[in-house]
Amino acid sequence: MSKAASPEPSLNPNMAPVPLLGEILTESCGLSEKDLQKALQVQTEKGGRLGEILMRLKLITETDLLGALGVQWDLPVSMTLPTLNLDTAFTQQTPIQFLKKFKLTPLITRERSAIAMNDPSEFQALDDLRRILNIESAPVVLAPASAILSVINAAYDVSGDSAERVIEDMQEGEAGRILSEIEETADLLEDTSDAPVVKLVNLMLSQAVKARASDIHIEHSQHKLRIRYRVDGILYDMLSPPKHVQSALISRIKIMAQMNIAEKRLPQDGRIKIRIADKNIDIRVSTIPVAFGERVVLRLLDKTNVLLKVTDLGMPDTDRAAFEELIGSPHGIILVTGPTGSGKTTTLYAALSSINKTDINIITIEDPIEYQIDGIGQIQTNAKIDLTFAKGLRSIVRQDPDVILVGEVRDLETAEIAIQSALTGHLVFSTLHTNDSAGAVTRLIDMGIEPFLVTSSVSAILAQRLVRVICPQCREPYTPDDESLRKVGITKEMAHKATIYRGRGCSACLDTGFRGRTGIFEFMLLDEKIKNLILKTSDANAIKRAAIERGMTTLRRDGARKVLQGVTTIEEVFRVTYQ
């Protein structure tokens with residue numbers, strides 16, 4: 001057999017000579033002589049490690065390589081690593097950049113100490129780490145790079161200064177200190193700036209991501225400054241920095257968002273792109289002038305989140321089946337209604353992604369584009385150049401689309417073009433701000449759309465709300481009082497047949513008793529009876545009564561069903577369906 005590669009230095013000089021990696025891979029995973037020679041040729045021409053070259057050529061997997069390295073260096077291999085109950089004191093002694101560069105991390109608990117590493121040939125870095133932490137005898141385990149980075153990120157996230165501690169350390173004289181902006185996509189866990197305001201902003205953002213916050217509100221009065229996070233749709237007070245840091249804090253955020261820090265009299269908008277550990281976060285920043293300064297709201301969008309499927313939305317099975325059938329039809333309008341923050345865009349994206357195929361041309365016009373979907377043409381409205389929903393929609397129709405998504409029907413012109421598109425063989429998705437599905441019909445007619453056009457073009461209307469899901473870590477059964485049951489339409493008999501839960505509150509859910517959200521839905525299909533009624537009247541109550549007679553499940557009834565299933569609470573359903 002040809003010479004595979006010269007052996008690497010040993011972790012232990014007293015060990016026997018290290019066997020050749022190529023020979024081990026040939027025996028353990030059937031690597032052919034031809035493939036080995038191909039990789040060795042690349043190594044000769046371009047340099048690099050043999051194992052990495054073989055992985056890059058897709059001749060072996062990382063599991064294959066770690067297994068072979070384990071045999072070569074006589075080391076155990078673990079494909080997963082613990083991230084909980086680890087001592088993170090090492091973060092005070094070791095720079096995060098050092099551990100990430102050499103892909104190694106301590107695993108220190110009360111019982112034992114070990115070191116996980118990805119490349120055993122980095123023995124110099126291993127010796128340095130052992131010496132710094134005074135754990136010379138700690139054994140070594142080989143692990144995937146992704147698992148090691150997860151441990152590193154978790155450790156530095158937990159051990160970093162808290163935002164509260166930074167606030168306590170702030171001094172009056174440091175209020176105006178703002179250093180130059182960090183690189184746009186730098187990992188905030190790696191930012192080592194000592195400037196209190198810079199540190200506070202970084203910690204505020206990383207804390208918000210950890211808490212799954214969708215928004216950060218920076219608000220103030222004459223003598224007070226407070227920072228609130230919106231988690232699962234509810235605002236919570238989180239931080240209260242001293243009033244004197246207000247100007248510096250807002251200026252720092254404006255610098256990161258590339259906004260004009262000198263302009264404090266006009267509203268401004270900007271964007272920040274950051275990375276926190278393995279999450280890429282897109283932040284939309286909005287400032288408005290108010291009494292005693294500026295108010296700032298940051299909308300956080302986790303770009304690493306995957307799009308939901310229609311089956312993940314929480315729709316009842318019968319409604320979901322009807323909805324999936326409709327989104328596959330060649331024409332018509334499907335409207336999704338609800339207040340701001342009720343998940344309308346998520347539902348529409350789920351529908352689009354389920355029908356997104358190469359033989360369909362899908363074009364959207366949105367304000368803003370929240371998720372970018374491969375294979376779909378997405379247009380961002382721009383008021384500055386007069387690119388409105390109506391103007392964009394007129395242009396879309398000339399692009400030979402099969403499916404059109406209009407972010408929102410806001411005026412008569414947009415509604416007329418959408419209806420005309422549906423009548424000429426396009427499937428149109430859009431949203432309206434109404435309380436329920438029947439109210440959407442009234443809204444369209446009030447805009448000036450003729451009832452016969454509504455019945456000719458609109459196929460179905462889906463009203464929805466988001467309710468918080470009971471935290472699975474701390475949920476407990478209980479017996480609600482009769483009045484609570486009556487509020488959401490649950491009878492005593494229904495309650496006796498099910499177990500109703502609530503959340504106590506724990507560290508996993510920030511002591512709220514809830515973790516995550518799901519949808520409750522009201523799906524109104526415009527069949528012939530409903531269409532005939534719309535031609536006679538635009539009264540939303542009459543339309544809703546007729547739809548219920550035809551089998552429509554109301555928002556509150558769907559919410560009551562989710563209470564009986566143990567998904568959410570009575571209070572949540574009443575909160576989002578109260579009118």
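Author: Helix α13 (residues 389-397) packs with helix α14 (residues 412-423) at an angle of about 20°, and their axes lie 8 Å apart. Axes are lines fitted to C-alpha atoms, for helices over the stretch in contact, with angles from 0 to 180 degrees between N-to-C directions. That makes α13 roughly parallel to α14. (Angles under 35 degrees count as roughly parallel, over 145 as roughly antiparallel, 65 to 115 as roughly perpendicular and the rest as oblique.) The crossing of α13 past α14 is left-handed: a crossing is left-handed if the near helix is turned anticlockwise from the far one by less than a right angle, and right-handed if clockwise.

From α13, the contact uses Phe389, Ala390, Leu393, Arg394 and Val397. From α14 come Glu413, Thr414, Ile417, Ala418 and Ser421. Contact means heavy atoms within 4.5 Å. By class, six of these residues are nonpolar, two polar and two charged. Ala, Val, Leu, Ile, Met, Phe, Trp, Tyr, Cys and Pro count as nonpolar, Asp, Glu, Lys and Arg as charged, and the others, Gly among them, as polar.

The model is predicted: local features need pLDDT of at least 70, side-chain atom pairs count only at pLDDT 80 or more, and totals for chains, interfaces and linings use all residues. Residues are numbered from 1 along each chain as its sequence is written, and side-chain values use heavy atoms, without hydrogens and water.

The axes of α15 (residues 437-447) and α20 (residues 540-549) come within 8 Å and cross at roughly 140°. α15 and α20 are therefore oblique to each other. Their crossing is right-handed. Ala438, Gly439, Val441 and Thr442 of α15 meet Ala540, Ile543 and Lys544 of α20. The classes here are four nonpolar, two polar and one charged.

Helices (H or I, at least four residues) and strands (E, at least two) are DSSP runs, numbered from the N terminus.

Next, confidence. pLDDT is the predictor's confidence in each residue, from 0 to 100. The chain has a mean pLDDT of 86, and 89% of its residues reach 70 or more. Confidence is lowest in helix α8 (residues 163-169), at a mean of 57, and highest in strand β10 (residues 332-337), at 97. Over residues 171-186 the pLDDT stays under 50, and the model has 34 contacts beyond four places in sequence for this stretch. Where pLDDT is low, the predicted coordinates should not be read in detail.
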